[in-house]
Amino acid sequence: MIIAVVVILVLIVIGLIFYNVTIHKKIQKFRNLNQKITNLYVVQDFMNAIGETSSVEDKIKKINDILIERYEIKYSTIVVFDGAEYQVKASNVDRKHWDALRELYKLDMFKDSIESATPKYVTVNNENERLPYQQMEFGRAKSAIFFPLYIDNVYIGYWIIESGTPHDFDNVDTTVLEVIKENIVSVLKTVVHQKTLESIVRKDLFTGLYSEEYLYGEGKKIIDQYTISTICMFKITNIQQINKEYSRELGNKVITQISNFVKENLSEEYVFVRYMGPKFVIAFSGVEANSVADFLNDIKEKIESMKIKLTEEEMKALDLEVRKNKKGNNEDIATPRLNFVISSYYKGTGLEEVLKKLEEYLDNADPNESDITNI
C-alpha cells in the first residue's frame with residue numbers, strides 16, 4: 001500500500017516537473033515572440049523617424065528617445081565622430097556630463113572594445129562605488145554597456161547604455177542589444193547621406209537661388225508636407241545662342257532677370273532653385289498639375305516678351321576684346337525663349353526620379369520647342 005502511494009506521489013512530482021518545464025518553455029517562447037514584436041515595432045518607429053521632415057540631428061535624437069521608451073533603458077547616449085571631433089548626437093543624460101561621455105574613447109577599458117569591435121560591460125558591486133569613467137558624478141550610473149559603431153568596417157563612434165543599478169545588465173539578452181545596435185548603425189548610415197546634402201547646399205552666384213541639392217534636403221521637407229505636389233522644370237533654350245551672338249555677360253543678365261521675375265511672382269510656400277546651367281525647378285507644394293497651367297502660361301508669356309540688354313555701365317565693364325567684337329555700345333537686345341515640362345510628385349516616392357525624367361525630356365526636346373508639357 002505504502003509503495004503504491006509512493007509511486008503515485010513520484011508520478012505526480014514527475015508530472016508537475018514536466019508541466020512546469022512545459023509552462024517555462026511556453027513562457028520563454030512567449031517572451032521571445034514578444035521581444036520580436038517589440039523589435040519590429042522599433043524598426044518601424046526607426047523608419048518613421050527617418051522619413052520625417054526634420055534635420056539629421058533631430059532624427060538621431062528621436063531614434064534615441066525610441067530606444068529609451070521601447071526598451072526601458074535608463075540612460076542612452078549616441079556619440080559620433082564627424083572626422084574632426086566626437087559629438088554627442090543624442091542623450092538623455094544631463095548636459096553637464098556630456099564632456100565625459102564624448103571622451104570615453106580615450107579610456108583603456110573602451111579602447112580594446114573599439115579595436116575589437118565588441119561590446120564592453122562594466123559595473124560596480126555596491127551602491128557606494130562608481131564606474132571608472134565617472135569623474136564628477138557618483139549616483140547616476142552603476143552599470144553600463146559600451147557598443148562601438150561601425151559603418152562598412154569604418155569606426156564612426158559609439159552607443160552607451162547605463163543603469164543606476166549595479167549588475168543591472170548581468171542577464172540582459174545581448175543578441176537583442178546587438179540587433180538594436182545594428183539598427184542604430186543602419187539609421188546613421190541612412191541619415192549621413194542627408195547630412196552630406198545639407199552641408200553641400202550652396203546659393204548660385206548670379207541668381208541668389210539655392211542649388212539642386214537644396215531640393216533633397218530642406219526643400220523636400222517643405223514639399224513633403226503635402227501628399228501631392230507639382231514639379232516644374234524649365235529651360236532657357238536659346239541661352240547658348242545669346243552667349244555666342246552677343247556676350248556671356250548678356251547671357252548672365254538674361255538668367256538673373258528671369259530668375260528674379262519668377263522669384264518675385266512666386267508664393268513663398270513654393271520651392272524655386274537653379275537646377276543646372278539654364279535649367280530651373282519650381283516645386284508647387286500641395287498643388288496639382290492642372291492648377292498651375294494658367295500661372296505658367298502667364299509667366300512664360302511675360303518672360304518671352306522681355307527685351308534684355310546691357311546698360312552703359314555694364315558695357316563699360318566688359319572686357320576690351322568683347323567690346324571690339326560688338327557692333328555698337330548697347331544695341332544688342334536678347335529675347336529669351338523657354339521650354340517648360342511638369343509632372344506630379346507623390347510624397348514618399350523618389351523626387352530625384354521625377355527630376356531626372358523632366359531633365360531628360362528637356363535635353364532631348366527639339367531646340368526650337370517652346371511649350372508647356374505635362375508628362
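Q: Why is K181 called buried?
A: K181 has a relative accessible area of 9%, and buried means under 20%, with exposed over 50% and partly exposed in between (1.4 Å probe, protein chains only), so K181 counts as buried. A word on the source: this is a predicted model, where local features need pLDDT of at least 70, side-chain atom pairs count only at pLDDT 80 or more, and totals for chains, interfaces and linings use all residues. Residues are numbered from 1 along each chain as its sequence is written, and side-chain values use heavy atoms, with hydrogens and water left out.

Q: What makes K181 and E182 a salt bridge?
A: The closest N and O atoms of K181 and E182 are 3.4 Å apart. A salt bridge needs a side-chain nitrogen of Lys or Arg within 4 Å of a carboxyl oxygen of Asp or Glu, so the pair qualifies.

Q: What makes K235 and D363 a salt bridge, and where do they sit?
A: Their closest N and O atoms are 3.9 Å apart, which is within 4 Å. The pair links distant parts of the chain, with K235 in strand β6 (residues 228-236) and D363 in helix α12 (residues 351-364), 128 residues apart. Helices (H or I, at least four residues) and strands (E, at least two) are DSSP runs, numbered from the N terminus.

Q: Which residues join K235 and D363 in a network of salt bridges?
A: K279 and E359 are linked with them.
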